[in-house]
Amino acid sequence: MCLIAKMVALSVMSVLSVSCSAAAVSDNADVDNVLWYEAPAASWLQSLPIGNSKMGAMVYGGTVREEIQLNDETFWSGGPHNNNSERSLSRLDEVRQLIFEGKEREAEDIINRDFIVGPHGMKYLTLGSLFIDFDGIGEVEDYRRELNLVNAVNTTSYKSGGVTYIRRAFASIPDKVVVERMEADRKGALNFTLSYDCVLGAEVSCADNVMTAKINGVDHEGIKSALNAECRIVVLSDGQIASGSDRITVSNASNATLLITSATNFVNFKDVSGDAAKCNDETLRAVRGMKFAKLLKRHVDAYSAQYGRVSLHLSDGANSVLPTDKRLDACYGSDDYGMAALMFNYGRFLLISSSQPGGQAANLQGVWNNQRDAPWDAKYTININAQMNYWPAEVSGLTECVEPLFSMIRDLTVNGAETARVMYGCNGWVAHHNTDIWRSSGPVDGATWGMYVNGGAWLATHLWQHYLFTGDKDFLKEWYPVLKGAAEFYMDFMVTDPNNGYLVVAPSVSPEHGGVGKRSTVTAGCTMDNQIVFDALTSVVLASEILDVDSDFRESLKGAISRIPPMKVGQYGQLQEWIEDLDDPKDEHRHISHLYGLYPSNQISEYSTPQLFEGARNTLIQRGDMATGWSLGWKVNFWARMHDGNHAYTILSNMMRLLPDGPGANGQRGRYNPNGRTYPNLFDAHPPFQIDGNFGCAAGIAEMLLQSQDGAVHLLPALPDVWADGSVNGLRARGGFIVDMDWKDGRLVSARVKSTIGGPLRIRSSVPLKGLKKAEGPCPNSLLAPAYGYSGASATNCYEYDVNTTAGKTYTLTAE
């Protein structure tokens, strides 16, 4: 039994034991799989998340008053709509001509007036909060609250008046409810009152031990609210339960269980004919007869089936025994390298908790939001942020978590086809830089942000990557029309630049950024455009060959690929962000969009494109080692692809710096660290909170340990010196391989590679391996091969071997 499996089994036994020993709450959770604190949360960014994708909850861990802030993934403002301009098509040629003449500002004025007409996207709403006011709680001792990542159970424990109180909360994936269990070790000592409130307003009623809160939706930017939400709380207890008009009181109890569910009338992005009350009835009917122990077991079994696939161990320093906020504050410059393992584990927990099959994709805040107006509406920003949410999914064994993203992509092809036709007169489908639950696909916010036509195609690369990781040809066949549609749009939209003869995307922007000497961000054929076009067209070329379809279209794609502007190295040794050499070497802008070709794509390689590789390195140096939280997450991945583990760890260390929030944060009122990029509950700080940084961080740690995008399964490609000893189990590589590794003194000791689909395995290692055949020629496995059009040259600073594998077999590799 692996370490994680043992921990899961022990943690279930511990939670079910009903012993109210506050000190024993975390005996079975190692320091890199638990967040814990010595005081209740004083603010939302100190509270701890749980979620099952359908619902999110933030648990404060109060003693006299507990707050559980709630969200439903389908509760958004507005309703079905589109934001397609009917004026853009008639102005498109004029805009292009102005750009080619160097009059980008004039082109931008037309875009802002005639392309971007609103609305600018709907907002993700809060469901409000459940409050639990406890009677008889005086002075408190032995307080502890924690989130155990192994079983996704939140626990609050303390003693007061000689009574030990323990509360456990979890969000069940199989049963779609949030469960709160409260216990006291003295009979009759548990007394509390439930109430509910929401900043949007809530109509609360109580009857038959059930509290119902009805929350009306919100109009937004002229779009009438089409949604309403209902939250239902069922109270079970061995004490007396009394229902008032808007609150429920429990008295003389030793235990109580709350079953919390929510729903809206959302059916899909075009259909709001659902019945929230009926949905809640069905959910509660299925669970109301279950005992707490059964609910817990079903939750842990479902959650751990995903979380338990991967484990990471790095050496823990003396600070690892500190409460999590103090541990984070002490981490920078310390020897607590296990903090990185905790951040990796937390990222996987957050993805499992916010993105499950049948649900909505994780948004800019996952599934958690306590505000009427969330930053950036907590929408899906698809010029980097939504994609970053899913970077750790395939490599860290959470492939089913990507299904909601795929579902969103399918929806976008419907609205996006209309946008392509109406706005640009093109076939295929397009989405710009932002979308929401209604799958709006037109441009929003202004040209600097919105005139970005690559959002949909970038999302579609996740479909191709899923195929590379799994080799699932049935999946490829099912999703081929979506890939093809993205390519079809580009084939119609791209035009010849009269200044250089290249085929370019115009108009466009390099996200949120402009070049030196330009009065506008609007451009044609920027480097990121060209890289995404290359991937979009190339994936269809390769997929059509695999599926033996569309031979004529394939040839036209190859012709277009040959006319895409090549990447260039500029006057400062940097990879150019634009066709013209307009980069400022002192510019530390958060978006480093032109390095998309380095990560997440594989168009820039140390082995195949060494000059571009060096240009990318110079760009990273020029952009510096600090940035917003999510940008640091991207930079960890960039430096991992640079095979520079020490620099990747520098960036990671800059991420793992405390940004206190609220009174009492980290025990220091009013303290502020301008370089802080992680809140006390380990949420990523842009600031404000954006969850993509958590996911980028987790992906970057995996990328430091394993890569498979460049012609081989590369073991420990960017191991920092400070991670001298460690182990990882369960990481996934392209080609259907599952990899375990142990290393000591900075050197690989052994690896175990399981082949799930069979086929050739090319291994790349910095140390020689025993008894293996040395690799010769190009990589024989197309799932591992570099992008179409590149040579895939062998590494000169590593050892490479070829192993013919059989599906289901595990191969042990040992260092010489």
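What follows is a briefing on confidence, cores, pockets, cavities and one glycine. Please keep in mind that this is a predicted model. Its mean pLDDT is 94, and 94% of the residues reach 70 or more.

**Where to read with care**
- Over residues 17-28 the pLDDT is below 50, and this stretch has 24 contacts in the model beyond near neighbours in sequence.
- Residues 663-671 also have pLDDT under 50, with 17 contacts beyond four places in sequence.
- Where pLDDT is low, the predicted coordinates should not be read in detail.

**The nonpolar cores**
- The largest nonpolar core is made of 247 residues, and Tyr196, Trp723 and Met741 have the most contacts inside it.
- Apart from this core lies another one of 14 residues, including Val177, Leu284, Val287 and Met290.
- What does Trp723 touch, once neighbours within four places in sequence are set aside? Its contacts are Leu314, Tyr337, Ala340, Tyr649, Leu652, Ile701, Met704, Leu705 and Trp743.

**The largest pocket**
- This pocket holds about 790 Å³ of space.
- Its lining has 49 residues, and those nearest the centre are Thr461, Trp464, Gln465, Leu468 and Arg734.
- Elements giving two or more residues to the lining include helix H9 (391-395), helix H13 (473-493), helix H14 (527-547), helix H19 (692-705) and strand S26 (726-733).
- The largest share of the lining comes from H12, with 10 residues.
- Sorted by class, the lining has 30 nonpolar, 12 polar and 7 charged residues.

**The second largest pocket**
- Here the space comes to about 530 Å³.
- Of the 29 lining residues, Lys54, Glu73, Thr74, Gly358 and Gly359 are the closest to the centre of this pocket.
- Strand S16 (255-264), helix H4 (276-287) and helix H10 (403-424) are the elements that give two or more residues to its lining.
- H10 gives the most, with 5 residues.
- By class, this lining divides into 10 nonpolar, 12 polar and 7 charged residues.

- How many cavities of 30 Å³ or more does a search of the whole structure find? The search finds 5.
- The largest cavity contains about 100 Å³ of space.
- Among the 16 residues lining the largest cavity, Arg641, His643, Gln707, Gln709 and Asp710 lie nearest its centre.
- The lining of the largest cavity is made up of 5 nonpolar, 7 polar and 4 charged residues.
- The second largest cavity has a volume of about 60 Å³.
- His513, Gln574, Asp583, Asp584, Asp587, His594, Thr619, Gln622 and Arg623 form the lining of the second largest cavity.
- That lining has no nonpolar residues, 5 polar and 4 charged.

**A look at Gly201**
- Where is Gly201 found? Gly201 sits in the loop between strand S10 (190-197) and strand S11 (203-207).
- Gly201 counts as partly exposed because its relative accessible area is 32%, and partly exposed covers values between the buried limit of under 20% and the exposed limit of over 50%.
- Leaving out residues up to four places away in sequence, Gly201 touches Lys214, Ile215 and Asn216.
- Gly201 and Leu258 are 57 residues apart in sequence, and their C-alpha atoms are 22 Å apart in space.

Technical notes: Residues are numbered from 1 along each chain as its sequence is written. This is a predicted model: local features need pLDDT of at least 70, side-chain atom pairs count only at pLDDT 80 or more; totals for chains, interfaces and linings use all residues. Side-chain values use heavy atoms; hydrogens and water are left out. A nonpolar core is a set of buried Ala, Val, Leu, Ile, Met, Phe, Trp, Tyr and Cys residues joined through side-chain atoms within 4.5 Å. Buried means under 20% relative accessible area, exposed over 50%, partly exposed in between (1.4 Å probe, protein chains only). Contact means heavy atoms within 4.5 Å. On a 1 Å grid over the protein atoms alone, a cavity is a set of points where a 1.4 Å probe fits but cannot get out, and a pocket is an open set with protein on both sides within 12 Å along at least five of seven lines; lining residues have an atom within 4 Å of a point. Grid points are joined across faces, edges and corners, and a volume is the space filled by probe spheres set on the points. Helices (H or I, at least four residues) and strands (E, at least two) are DSSP runs, numbered from the N terminus. Ala, Val, Leu, Ile, Met, Phe, Trp, Tyr, Cys and Pro count as nonpolar, Asp, Glu, Lys and Arg as charged, and the others, Gly among them, as polar. pLDDT is the predictor's confidence in each residue, from 0 to 100.
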